[in-house]
Amino acid sequence: MNPVQPVQIITLTIDGKPVGASSDETILDVARQNGIFIPTLCFLDGLISYGACRLCLVEVKGSTRLLPSCMTKVQEGMEVVTDSEKLKSFRKWVLELLFTERNHVCSVCIANGFCELQSLAEALGLDHVRLPYLHPSFTVDATHDRFVSDNNRCILCNRCVRVCSDIEGAHTLDIMGRGIHARIISDLDNNWGDSPTCTRCSKCVQVCPTGAIKEKGRRSVGEKFKRRDVIAEIARMREVKHEEA
């Protein structure tokens, strides 16, 4: 077993601004503490970081490649750039790929106006897509009595899988397949409504950044009542209980 490294207080610069941080924090943690915006989609406070969406990539002096800020721990003297023409171009390219791989037609989506993908596109100035749309045709699973899973609107951020496994402990949801053919499944690719493991907790609905997983009967206005922050509250309460045990 590796010995636990003591936490140290270090200094680094983010976009030229000197900041203090603990050595166990990530670049994203420190940036947010200092009011510096870094776009994310797969990251959610309370869930184990996944580093898959690549939207939070930043430039670090001395590195020849872009680094995911949600997975990269800060170091003494590190010089980080979170906003440059190179990063803007790369992030727009990532968003374009997400929009073209699935069917994100905002005007007929239940999450319209409350979608994180839509919000990021607006924030990053994405007003058109240069790539051809793939128009996939995944089966919509509406067999559950409370929820609907529509892989046509899924961005494979893995939030629903992580919250189902790591927070709820059910591990009903998972990802099957690879690349553009990957999709969210229930248990061993059975109908969600037949799942013996689903606890019907609705955490997957709360964390979904788009309209891919939704509650039946919800209209678009209902999406604003999503409580994504509750996942972080649950995670922190568990940490406190673990430390007290």
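What you see is a predicted model, in which local features need pLDDT of at least 70 and side-chain atom pairs count only at pLDDT 80 or more, while totals for chains, interfaces and linings use all residues. Residues are numbered from 1 along each chain as its sequence is written, and side-chain values use heavy atoms, with hydrogens and water left out.

Let me turn to the cavities, a cavity being a set of points, on a 1 Å grid over the protein atoms alone, where a 1.4 Å probe fits but cannot get out, with lining residues having an atom within 4 Å of a point. Grid points are joined across faces, edges and corners, and a volume is the space filled by probe spheres set on the points. By this rule there are three cavities of 30 Å³ or more.

The largest cavity holds about 110 Å³ of space, and among its 16 lining residues Cys-154, Cys-160, Ile-184, Cys-208 and Ala-212 lie nearest its centre. Its lining divides into ten nonpolar, four polar and two charged residues.

The second largest cavity holds about 90 Å³; 14 residues line the second largest cavity, and Cys-164, Cys-198, Thr-199, Cys-201 and Cys-204 are the closest to its centre. Here the lining comprises eight nonpolar, three polar and three charged residues.

Finally, Ser-84: this residue counts as buried (under 20% relative accessible area, with a 1.4 Å probe and protein chains only), because its relative accessibility is 16%.

Technical notes: Buried means under 20% relative accessible area, exposed over 50%, partly exposed in between (1.4 Å probe, protein chains only). On a 1 Å grid over the protein atoms alone, a cavity is a set of points where a 1.4 Å probe fits but cannot get out, and a pocket is an open set with protein on both sides within 12 Å along at least five of seven lines; lining residues have an atom within 4 Å of a point. Ala, Val, Leu, Ile, Met, Phe, Trp, Tyr, Cys and Pro count as nonpolar, Asp, Glu, Lys and Arg as charged, and the others, Gly among them, as polar.
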